Amino acid sequence: MKFLLFLLIFQIHFTFAQTDSLLIDDFNNFINVSADFYTSPLRFDSDDWIKLSSVVGITAIASLADREVRSFSQQNQSKFADEIFKIDKYYYIEFVGASIVAFYGYGLISENNRIRKLAVKLTEATFLATSITVITKTVVGRGRPYQQDTQYSFNPFTFDNDYNSFPSGHTSLAFAYSTVMANEVDNTFWKIGWYSLAGLVGYARIYHNQHWFSDVLMGAAIGYFSGEFVNNHN
């Protein structure tokens, strides 16, 4: 009896030791990926600078159409569209956070390393995209479309939500999450599905007059490249 009790205690201790080790490894991986992400401009080659310049250039050009896109979205609303574009209320922090916790918990309990690592990658991608977005919002201080008639109204270095339009946080978060999920399965329809969801979130922010078109484009770029960085990180 004492021997069986000893085996049980040993097994519990061994299980918790394994779990602690995994938690530490995953946290270290999160720190390493984050550090590599923030220092990556120091390692940019010509192709990387071309990509960055292209994103900035396309966003600047797209801003010329911001007012027209806003007018179109506000003039073409319906009950059916209202239901579809409620997606930005559901595909956001609550869903992302709950799903990550569920994936990670299931991965630990079932000893499914793929699901556990997926949760870690989702955490990394969404954190990186969100942090870059928040910093940019604060520095740029762009007025939201419901607040300003012109897309070129700025109040830099502010935490005022009315001047935190650029880029779209909902869109960057959705694209970061979708980019990691899309990479998990090598199936065209699976990938189209995830990117379509993220795209709907982006347009929903325009539809609800919370963001300009160029806000959404930059948010999508930040989310996508954050997700791809995590996907390709060794």
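Is Arg205 buried or exposed? Arg205 is buried, with a relative accessible area of 9%. Buried here means under 20% relative accessible area, exposed over 50%, and partly exposed in between (1.4 Å probe, protein chains only).

The model is predicted: local features need pLDDT of at least 70, side-chain atom pairs count only at pLDDT 80 or more, and totals for chains, interfaces and linings use all residues. Residues are numbered from 1 along each chain as its sequence is written, and side-chain values use heavy atoms, with hydrogens and water left out.

Arg205 forms a salt bridge with Asp88, the closest N and O atoms being 2.8 Å apart. The pair links distant parts of the chain: Asp88 sits in helix α5 (residues 87-90) and Arg205 in helix α9 (residues 188-207), 117 residues apart. Asp88 is buried as well, at 4% relative accessible area. A salt bridge is a side-chain nitrogen of Lys or Arg within 4 Å of a carboxyl oxygen of Asp or Glu. Helices (H or I, at least four residues) and strands (E, at least two) are DSSP runs, numbered from the N terminus.

The whole structure holds nine salt bridges. One of them joins Arg70 and Asp149 (3.5 Å, N to O). Arg70 lies in helix α3 and Asp149 in the loop between α7 and α8, so this pair ties together parts 79 residues apart in sequence. Arg70 is buried, at 14%. Another salt bridge joins Lys121 and Glu184 (2.9 Å, N to O). Lys121 belongs to helix α7 and Glu184 to helix α8, 63 residues apart. Both Lys121 and Glu184 are buried.

The largest pocket holds about 870 Å³ of space. A pocket is an open set of points on a 1 Å grid over the protein atoms alone, where a 1.4 Å probe fits, with protein on both sides within 12 Å along at least five of seven lines; lining residues have an atom within 4 Å of a point. The largest pocket has 25 lining residues, and Phe37, Ser40, Phe44, Leu52 and Phe225 lie nearest its centre. Helix α10 supplies the largest share of this lining, nine residues.

The second largest pocket holds about 280 Å³. Its lining has 18 residues, of which Tyr92, Ile93, Thr130, Gly169 and Leu173 lie nearest the centre. Two or more residues each come from α6 (93-109), α7 and α8 (169-184). Helix α7 gives the most, with seven residues.

Definitions and conventions: Grid points are joined across faces, edges and corners, and a volume is the space filled by probe spheres set on the points.
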